[in-house]
Amino acid sequence: MPDILIQENLMVRMQEDIKRALQKPEAQRHWVMVIDTRKCVGCNACTVSCVAENKLPPGIVYRPVLEQEIGTYPNVGKRFMPRPCMQCDNPPCVPVCPVNATWKRDDGIVAIDYEACIGCRYCITACPYSARTFDTGHTYSEGTPEQMQYELEPNFEYGREWPRDEGSPIGNVRKCHFCLHRLNEGELPACVTTCIGMANYFGDVNDSDSIVAALIASPNAIRLKEEMGTEPSVYYLV
Amino acid sequence: MKKLAWPVAIILFLVGLVGVYQRLTLGHTGANYGSYVPWGLWVAAYIYFIGLSAGAFLLSALVYVFQIKLLKPVGKLALFTALSTLVAAMFSIWMDLGHPERAWEMIFRTNFGSMMGWMIWLYSAYFVLLLVELWFAMRRDMAVCADEPGFKGKLCSFLTFGKKDVSDASAQKDMKTLRILGSVGIPLAIAFHGGVGALFGVVGARPYWNSGITPIAFLIGALASGGALFTFVAAFWGPNRGSEQHKQIISFLGKIVIGLLLFDLLLEWAEYSTSLYAAIPAHTEGLNLILFGNYWWVFWIIHLLLGAVVPILLIIFAGKNINAVATAGALIAVTFLSVRLNIVIPALAVEELEGLKNAFTGPGLSFSYFPSSMEWLFFLWTVSVAGLIFLLGYSLLPLVSQKKEVA
């Protein structure tokens with residue numbers, strides 16, 4: 001087989017990219033996600049895998065897939081825009097927090113301290129992408145005779161166990177964190193590994209050999225609401 | 001009216017307890033606000049109450065700072081109205097938090113880069129100032145009533161904290177202190193309430209809020225609504241009801257309130273008309289909801305007709321009639337909740353990204369909002385708390401001096 005046809009598996013390459021990035025100090029890596037909307041078929045597998053990975057309760061969503069119709073009949077098309085948290089470099093949600101419970105990490109991820117968040121929801125109003133949701137404490141087995149054990153199982157956000165009892169993250173604002181707990185173990189975010197069309201790319205933009213660094217240099221790479229000056233870390237290929 | 005107030009307040013309190021119970025047992029699952037419309041009736045009620053408080057307080061400055069003699073008999077009433085509504089505001093916003101037990105974190109780990117961080121400190125400072133000012137305003141009268149028999153006398157005696165000098169010299173000293181406190185209070189109340197306006201104004205993601213007029217409109221709205229509530233209160237609970245002096249006070253307050261209301265409407269017009277003319281969708285989506293959305297009647301009927309046209313006509317054509325002015329004040333004060341709701345909700349009830357509405361469903365993932373029964377009941381409870389605090393204060397403290405009672 002000619003060399004040019006031998007391609008490395010994309011997932012393997014991205015995993016190697018993040019392993020390389022993890023060897024550097026946190027401040028020297030900057031996580032970036034690139035979503036190829038031309039490859040997205042709108043299957044919502046990423047949304048579902050995110051719900052499963054982070055054990056999201058009803059009403060909490062980190063990565064909905066927006067369906068947008070283009071054109072008028074008979075010339076119509078559909079565009080699918082998965083919308084994770086943009087992990088903005090200039091995040092409007094951070095300065096408004098009255099108790100410093102949300103901040104920009106050195107690796108680019110906007111994190112929330114569930115134990116400090118008072119649940120005032122000011123950050124939700126400040127986010128131009130509606131990327132933050134409020135955990136009001138609903139359960140899937142509401143109105144049924146028995147609360148299912150799976151609902152009480154802990155999630156592992158931010159690298160620790162959060163069982164679903166009375167306390168946090170119930171009453172907190174929650175958002176996508178690029179599966180930080182997985183990243184720190186050298187694994188890709190759940191949405192990236194689950195995408196059936198391999199429409200997601202992930203890596204360290206500070207590493208010029210990473211696939212994301214190459215992709216965002218293309219003229220069809222855009223970011224949402226550039227005019228807001230938020231400098232998102234999520235790019236779309238259109 | 002005065003006779004009706006107690007039973008109404010007690011009934012509201014009891015009915016509202018259902019909402020309190022639901023909030024404490026169901027948490028936020030019983031509420032209709034959520035992720036896309038994260039702030040609802042309780043946040044609107046909070047800015048409504050603090051507006052009433054700041055407005056009533058700033059009018060008290062007419063007495064204690066600008067020494068307008070005519071209003072002196074109702075100065076303490078203004079201060080106490082400000083205090084009662086400020087307490088209701090606290091309950092409203094406290095129970096709105098996802099973690100009310102962490103409210104103290106706002107003091108211990110304040111982010112002064114956040115307008116909300118400033119809010120908690122300004123609220124507290126304003127609250128303390130209000131209490132101190134009220135004490136100086138009532139001290140001499142409390143010293144007098146300390147001699148009365150029964151509980152009222154004992155309470156007055158205790159609250160003087162031993163300062164029982166009733167001489168004119170001591171009263172003059174109190175007035176001097178009040179002038180200083182009031183002078184500090186004016187910028188403080190403006191910073192507190194204007195700061196909460198700025199809390200909304202600085203949010204770039206919500207173009208409807210993100211305007212330099214927002215904090216100013218908050219203040220003028222506070223003066224109009226707080227002034228209106230105070231006018232209503234002074235009309236029924238003011239000293240020497242029916243006397244010529246009382247009539248003068250009420251008709252004077254009525255005129256001030258209408259002036260403030262007209263100014264508020266002018267700001268509203270400026271904001272709405274410039275945005276609508278430019279017709280940038282992100283700016284007009286919220287305004288279109290206000291003017292032509294499902295809840296169009298909140299703006300046109302409740303705010304404009306009942307909250308502006310009717311009271312303005314009442315004061316123009318019956319400005320000397322105490323009952324007419326009181327009705328106008330009550331109408332403005334009550335309907336101003338619609339103005340506060342129309343600030344908070346429409347900015348949030350619009351999709352920030354096309355397709356979000358149908359992308360994922362679940363509780364709280366909706367762009368249409370109407371308060372749930374729990375939210376309404378809890379709100380009624382907070383109203384009753386303000387009412388009961390006022391009524392208790394009125395019957396136990398020397399808020400008015402009725403030495404020359406006529407009516």
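Predicted model: local features only at pLDDT ≥ 70, side-chain atom pairs only at ≥ 80, totals over all residues.
Let me begin with a definition: a salt bridge is a side-chain nitrogen of Lys or Arg within 4 Å of a carboxyl oxygen of Asp or Glu. By that rule the side chains of A:Arg20 and A:Asp207 meet in a salt bridge, at 2.8 Å from N to O, and this is one example from a structure that holds 22 salt bridges over all chains.

Residues are numbered from 1 along each chain as its sequence is written, chains are lettered from A and ligands numbered from 1 in the order in which they are written, and side-chain values use heavy atoms, with hydrogens and water left out.

Helices (H or I, at least four residues) and strands (E, at least two) are DSSP runs, numbered from the N terminus. Helix 1, residues 10–22, lies across strand 1 (31–36) and strand 8 of chain A, and runs at about 20° to strand 8; the angle is taken between N-to-C directions, on a scale from 0 to 180 degrees, of axes fitted to C-alpha atoms, for helices over the stretch in contact, where contact means heavy atoms within 4.5 Å.

Which sheet does strand 8 belong to? In chain A there is an open sheet of 4 strands in the order 8-1-10-9, with mixed pairing, and two strands pair if DSSP finds at least two bridges between them. Strand 8 (200–204) and strand 9 (221–222) stand at the edges with a single partner strand each, so one side of each is left without a neighbour in the sheet. Strand 9 pairs with strand 10, residues 234–237, in the antiparallel sense over 2 bridges, and A:Ile222 has A:Tyr236 in strand 10 as its bridge partner.

Elsewhere in chain A, strand 2 and strand 3 form a hairpin with 2 residues between them, and they pair in the antiparallel sense over 8 bridges. A:Ile70 stands opposite A:Gly77, while A:Gly71 has A:Val76 as its bridge partner. The loop between these two strands contains A:Pro74, and the peptide bond from A:Tyr73 to A:Pro74 is cis, with omega near 5°.

Now to the partner chain. How many residues of chain A are in contact with chain B? There are 51, and they meet 42 residues of chain B. The two chains bury about 3,600 Å² between them, 58% of it on carbon and sulfur atoms, buried area being the accessible area (1.4 Å probe) that two parts lose on being put together, summed over both. In chain A, the residues A:Ile118, A:Tyr122 and A:Thr125 lose the most area to chain B, together 19% of what that side buries.

Across this interface the rule finds 1 salt bridge, and B:Asp96 forms a salt bridge with A:Arg121, the closest N and O atoms being 2.8 Å apart.
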